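Please read them with the sequence and the coordinates to hand.

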Amino acid sequence: MPKIELYRNALDTYIGEKLQNDVLEEQLSVAKAEVDEWEDEHGLLKIELNDTNRPDLWSTAGLGRQLRVYRGGDIPAYDFFSTTDAPKECGSRVVHVDAGLKNIRPYIAGFVASGPSIDASTLNDIIQTQEKLCWNYGQKRRAVAMGIYRSDLMRFPVSYRAADPDATQFVPLAEERAMSLRQMITEHPKGRDFGHIVADFPKMPYLEDAGGDALSFPPVINSARLGAVEVGDSSLFIELTGTDQSVLHLACSIVACDLADAGFTIEPVCIEYPYDTPAGRTVVTPQYFQTPVEIEPAFASKWLGVPLTADDCIRLLGRMGCVAAEARGSVRVQPPPYRNDFLHPVDIAEDIMIGYGMGNFEPTMLQDFTVGRLTAVEVLSRDVKTVLVGLGFQEMVFNYLGSRRDYLDRMQPVATDESDADDSAMVRIQNPMSENYEYVRPSVLPSLLSAEAVSAHAVYPHLIFEIGKVAVRDAADSSGTRTDDVLGLVLSDVESTFNTVRDKVNTMLYFLNIDARYEAADDSRFIAGRCARILVAGRTAGIMGELHPQVLENWGISMPTTAAELNIGSLLSRESGV
Amino acid sequence: MTDIDIRSFHPLEIRVLLHFSEASELTVPEMVARVGLKEGQGNQVVSWLAAKGLIEESSRTARVFYELTELGKEYVDTGVPEERLIRVLEKDGPTPLPALASACGLEMRDTGSAFGALSRVGAVEMDSDKRAVLIDPAKADWVARVRGILERAARDGALAEESLDDAERTAVQGIAKKRGAGTVAFRIVERSEVVYRFTESGEAVRKAAADSGLTGEETGSLSPAMLRDGSWKRASFRSYNIDTPPARLIPGRRNPYAEYLESVKDTLVGLGFEEFDGPVVETEFWNSDALFMPQFHAARDIHDVYYVAEPTHAREIEQPYLDQVAAVHENGWSTGSRGWNYGFDRDFTRRLILRSQGTVLSAKQLPKAKVPGRYFGIVRCFRYDQVDATHLSDFYQTEGIVLGEDVNLRTLLGMLKMFAEEVAGATEVKYVPGYFPFTEPSVEVHIKHPKLGWFELGGSGIFRPEVTAPLGIDVPVLAWGLGIDRMALMHLGLNDLRELFSNDLERVRLRRRK
């Protein structure tokens, strides 16, 4: 979710009135925005925007526009948009696209903005819009990258071509020497951040003007000469390149509307493609490409739970900046040029909801009767816990992620550092944040022993247990893994022996009315001859015994310790007579 | 001392108080002699009465005692080396030293020094054949004296120094040491014998004891025998001092965090919700695709979810859900949506990950859900986050859904109000528009909690038809999630999420509800 910084004064100007803080805070909910930090001594306010499908709100102008309209201002009408049927006149403002870009970075859009000399606040806003649009909406410049240039220093037509990365060079921003495109990828900070988007192509995107002066290496870096915009400049060329044309056109429209609101005149640019695009071969931008969307008032009423007429819908949508009209009983919405988030009528319903005002909906109680119920595992687990608490056990709650060392190496009957145990039965994370959280636990016992390892100061005896989940590999499941609900318990005490743990387990199973048999087992975590398999209905349900002294040493535990682990699912199937 | 609760005194104290007068010399040996206490009991009574300030020391005399060591006890049976030498020579006649040592059961070194001591006084000598010969045992007069002392000590215990005459004292000092007494027969012990007297308050207590009618023979514990034979009817029971600090007991106990989660589950069941659960390993399909999050969505970045290393992909995704979800992403399928308009990746959708949001299970519940129906789960989720006081690599999320022909935004708000009041104990509720990729509209609920003040309790919304229709549901579905961690922390008086999963047994044992 993007966070933006904006000048309070500028926001007030766009809203058209100075709002009290509490009013502003409440009004921001219309834009799903929250104040993150109130303004500092420079008048800078930090705001968090929650709707990732409304990039038009990520700027002072866009946020101010939404609030102004909501508070009764006119819906702005922008006259610089072309459609495929009605392109605007572009004069010499043409961009020629090279056929070689088709499979690299095929689309470009842009316009010229001229007007008042740009002030610090507006410049700051444009740069921030560029960053947020390209990072959050443009998938970190993969789908949208944007460049701003001083248009009075350049000459149209501009050429967007696939260039030889070794033979093409210019002086990029923040550098004083000419570099090849390939050098920029490896040596320039922006190249290291964004170069990977195009690094694998034999040729790379490159923009230059009619005089052969470099504009930029999209999506990486601008030229230090034409691409260094400063306070006081009054004529800008904005271009956006990317891989999804409608995403690109929307971003282009957002920036154009913001600059228009800031007092600039927007002059369209004509893009000449040598290949087909969704918008055609000759495309004039900024382009209005949205199609009308419809909602039936009855659907809006049903979804929102309040009676709404077509007129109600039209009025409420108007507060959100959407021009709508009735068409054959339905409400037909013409999305604003800076929005493209109406995928389904429910998206229109949400705008109606916000227009209606959240506080104006009366909450009502659910009407249907339904039966509440816990899972069978939860019910049995609670019974198990009750018996274990009666037997003197303390319940523990552990995390499910841990290290190879704890979950595997320390559980071997060899010194931890010498373990070469195989982890193929465990669920390993491919992108762990740290080796401390690299595996899902395959057993509850390491969790319980981790508690023993740090609890020697607690009065003995220690009787602890947890019922929780473990995950192991299981080829029988489509996921190749299986999650089990498991009970683990540990007894640590001078006199803890095989018989101690067996007696506890047996008593527990007795009160759960589960018949169990015990059978000698070999499990290297336990002392040979002091370990038994727990069989319920003839099937293995668990294991118990005296932990091997080497395992205890691996954990740094110097108290005899016995343990048991039982699969709750196995107990459950027995209990329900399956 | 105005309030004397004489019944709270121990019977041994009462007996001592009754047997001594103001003027008596109060010593442990006297208690043994006059009251019939054991020495240990006498020492206990002294320490109890002194601790209560009822008696004080009036004089202290240091006395020296000789106590038999383990070796000394052995000498009582076998004799000191000199005695043994004399005994063997009397029996066997002249004997070379090595043979003598073995007949005496002594080391050669000890045999040599015993022979030396005896030969210095002329009790023995060495003949020309290098044999030890007995001359006059009476010249070693200390041997008999030592025998007498050993036997007295064996009979009477420690010997007081003043009970020995000069010759005996010289003899015993030769075979006694203060420290490191393992190699000699006696250990020298210095003991102080203390005489106590009653303090002023002690005197008051003594009189109160005398007037109380107590005998010190009162019953401590009621026994089964007393109940059987009726002797409890004649017994008088000693009072307990209720001011003694109670002992710490360590019971078996539930974990308070788990109990809290259970209480939330119980509340939800009470509100008509049925619990769901599921595996921790999920596919991208269920974790995000089924929730209509486009595969290029920012939240689906490699840095936000944990990927399973092996196997990397599930074998298959259930049909017809795969086809329907793919279609809804690509073109909206038959939902009336225009979809996300991109090519759905059917390999990526099988990618295995650790569940990153509880909403997965809400989605998985849809194909098997009843209408009307209410479902919930409190399930472990996994996030690619640096672990700190407010972030864990795995944690619980509380999520659920409500299906019904007539559910809508207003019933969603009513449900949130119900949660705010029943689950969180809120006093005020506020709703604001929110954003989630899978609900439209989306609503955040903020509550005013009596202790925590205003905070966001959770997020909710009505599932988009692009989520429900491909999973076979054609009625509106309310979806909700509650952030109950803050309440859990408050409930337990904690402020660090890691504490909820603590492996420190002592802390878990001591933790309780606030």
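1. Among contacts in chain A between residues at least 6 apart in sequence, what percentage join residues at least 24 apart? The share is 69%, and it should be read with the caution that the model is predicted.

2. As to its make-up, chain A contains 16 helices and 28 strands, and 50% of its 578 residues count as buried.

3. The overall dimensions deserve a comment, since a compact globule of 578 residues would have a radius of gyration near 25 Å, whereas the value for chain A is 33 Å. Taken along the principal axes, the box filled by the C-alpha atoms of chain A is roughly 95 × 65 × 50 Å.

4. The interface involves 78 residues of chain A, which are in contact with 79 residues of chain B. Several elements of chain A give two or more residues to this side, including α8 (297–304), α11 (376–390), β23 (462–473) and β24 (481–492), while the largest share, seven residues, comes from α10(A). By class, the residues on the side of chain A that touches chain B comprise 38 nonpolar, 27 polar and 13 charged.

5. Within chain B, the axes of helix α1 (residues 11–19) and helix α10 (residues 200–212) come within 9 Å and cross at roughly 95 degrees, which means that α1(B) is roughly perpendicular to α10(B). The α1(B) side of this contact consists of B:Ile14, B:Leu17 and B:Leu18, which meet B:Val205, B:Arg206, B:Ala209 and B:Ala210 in α10(B); taken together, the contact has six nonpolar residues, one charged residue and no polar ones.

Notes: Residues numbered from 1 in each chain as written. Chains lettered and ligands numbered in written order. Predicted model: local features only at pLDDT ≥ 70, side-chain atom pairs only at ≥ 80, totals over all residues. Contact = placed C-beta atoms within 7 Å. Helix = DSSP H or I, 4+ residues; strand = E, 2+ residues; numbered from the N terminus. Nonpolar A, V, L, I, M, F, W, Y, C, P; charged D, E, K, R; others polar. Rg over C-alpha atoms; globule rule 2.2 N^0.38 Å. Buried ≥ 20, exposed ≤ 12 C-beta atoms within 10 Å, placed from the backbone. Axes fitted to C-alpha atoms, helices over the stretch in contact; angles between N-to-C directions. Parallel < 35°, antiparallel > 145°, perpendicular 65-115°, else oblique.
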